[in-house]
Amino acid sequence: MSSSDERLALRLVRGEETALGELYDRFAPLVHGLALRVLDDQDAAEQLTRDVFAQVWTDPDRWHPEQGTLRSWLGRLTHRGAVARLREGCGDEHEIAARSAAAGAHHAVASLPDPLREAIAPGHHEGRTYRDTARRLGIGESAAKHRMRLGLQLVAGELAASHDVARDGRHGAVRGVRGAVRTGSHADALDGARPEPVPEPVPAAGRPGP
């Protein structure tokens, strides 16, 4: 667990406004990007971003280290909120499940530690094999396999922790990541799980106040 997460959380509990600003600057791209992937609506994503940080400010005790990193926890909080709002305006459960699974898979891959993300993301995005990945990273094939397998385990765990992800959609996303890495095939089965640049954060003027 990152000690910086715990220090930041403690400052939020103390009511330090600067801590909220740091939290926003650090994680607003993640929250906004994830909300946008689910809702597919810029205004709705910006509103949810503001609401998520307002929730954290008004109830900073909600996060505990055993829940994972702040990044993972905020991702799950955003994911749940986005799916709930999507469900309010969309009666198509298949579409809701598909968007939820795609956004959850994207967040899970993007949240991996850099060495694991570097091993997995190009693997399913560009159709690379273990050998290709080992050459690209300048490591042995066994190390490449280890990083890719560990990354997949963490992705599966992160998806399983997202309670609002439909069961079939979640398992399908995990199978898609695993299959693409194992076979070196193209990432067609992972549409939505590809790590892309996170959208620009909501302008600072939209930052929720205390």
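The model is a predicted one, in which local features need pLDDT of at least 70 and side-chain atom pairs count only at pLDDT 80 or more, while totals for chains, interfaces and linings use all residues. For your selections, residues are numbered from 1 along each chain as its sequence is written, and side-chain values use heavy atoms, with hydrogens and water left out.

**The whole chain**

Of the 210 residues, 45% are buried. Here buried means under 20% relative accessible area, exposed over 50%, and partly exposed in between (1.4 Å probe, protein chains only). Among contacts (heavy atoms within 4.5 Å) with a separation of 6 or more, 67% are between residues 24 or more positions apart.

**Helix α2**

Now select residues 17–39, which form helix α2. Its 23 residues would reach 33 Å as a straight helix at 1.5 Å a residue, but the end C-alpha atoms are only 29 Å apart. The expected span used here is 1.5 Å times one less than the number of residues. Where does α2 have its kink? Centre on Phe27: a kink of about 55° lies there, shortly before the proline Pro29. The bend at a residue is the angle between axes fitted to the seven residues ending there and the seven starting there.

Show its side chain together with that of Gln42, and you will find a polar contact of 2.7 Å between the two. A polar contact is a pair of N or O atoms within 3.5 Å; within protein, one must be able to donate a hydrogen and the other to accept it, and residues adjacent in sequence count only if both atoms are side-chain atoms.

**An aromatic pair**

How many aromatic pairs does a search of the whole structure find? The search finds one. Select Tyr24 and Phe53: their ring centres are 5.0 Å apart and their planes are at 55°, so the pair is tilted. Rings of Phe, Tyr and Trp (its six-membered ring) pair if their centres lie within 6.5 Å; planes under 30 degrees apart count as stacked, over 60 as edge-to-face and the rest as tilted. The pair links distant parts of the chain, with Tyr24 in helix α2 and Phe53 in helix α3, 29 residues apart. Tyr24 is buried at a relative accessible area of 2%, and Phe53 is buried at 0%.

**Across the loop to α3**

Next, pick Asp40, in the loop between α2 and α3. Is Asp40 buried or exposed? With a relative accessible area of 60%, Asp40 is exposed. Check its backbone too: phi is near 55°, a positive value in a residue other than glycine. Most residues other than glycine have a negative phi.

Then select α3, residues 42–58. At its start, a side-chain oxygen of Asp41 reaches to within 3.1 Å of the backbone nitrogen of Asp43. The end C-alpha atoms of α3 are 24 Å apart, in agreement with the 24 Å that its 17 residues should span. Its buried residues include Leu48, Val52 and Trp57, and what covers the buried residues of α3 includes α1, α2 and α4.

**The loop between α3 and α4**

Select Pro60 in this loop. Pro60 is buried, at 18% relative accessibility. Leaving aside neighbours within four places in sequence, Pro60 is in contact with Leu12 and Val13. Further along, Gln67 is found in the loop between α3 and α4 and is partly exposed at 29% relative accessibility. Not counting residues up to four places away in sequence, Gln67 touches Arg62, Trp73 and Arg76.

**Last stop: α5**

Finish at residues 93–110, helix α5, which reaches 25 Å from its first C-alpha to its last, close to the 26 Å expected for 18 residues. At its start, a side-chain oxygen of Asp92 comes to within 3.0 Å of the backbone nitrogen of His94. Among the buried residues of α5 are Ile96, Gly104, His106, His107 and Val109.

Note on methods
Helix = DSSP H or I, 4+ residues; strand = E, 2+ residues; numbered from the N terminus.
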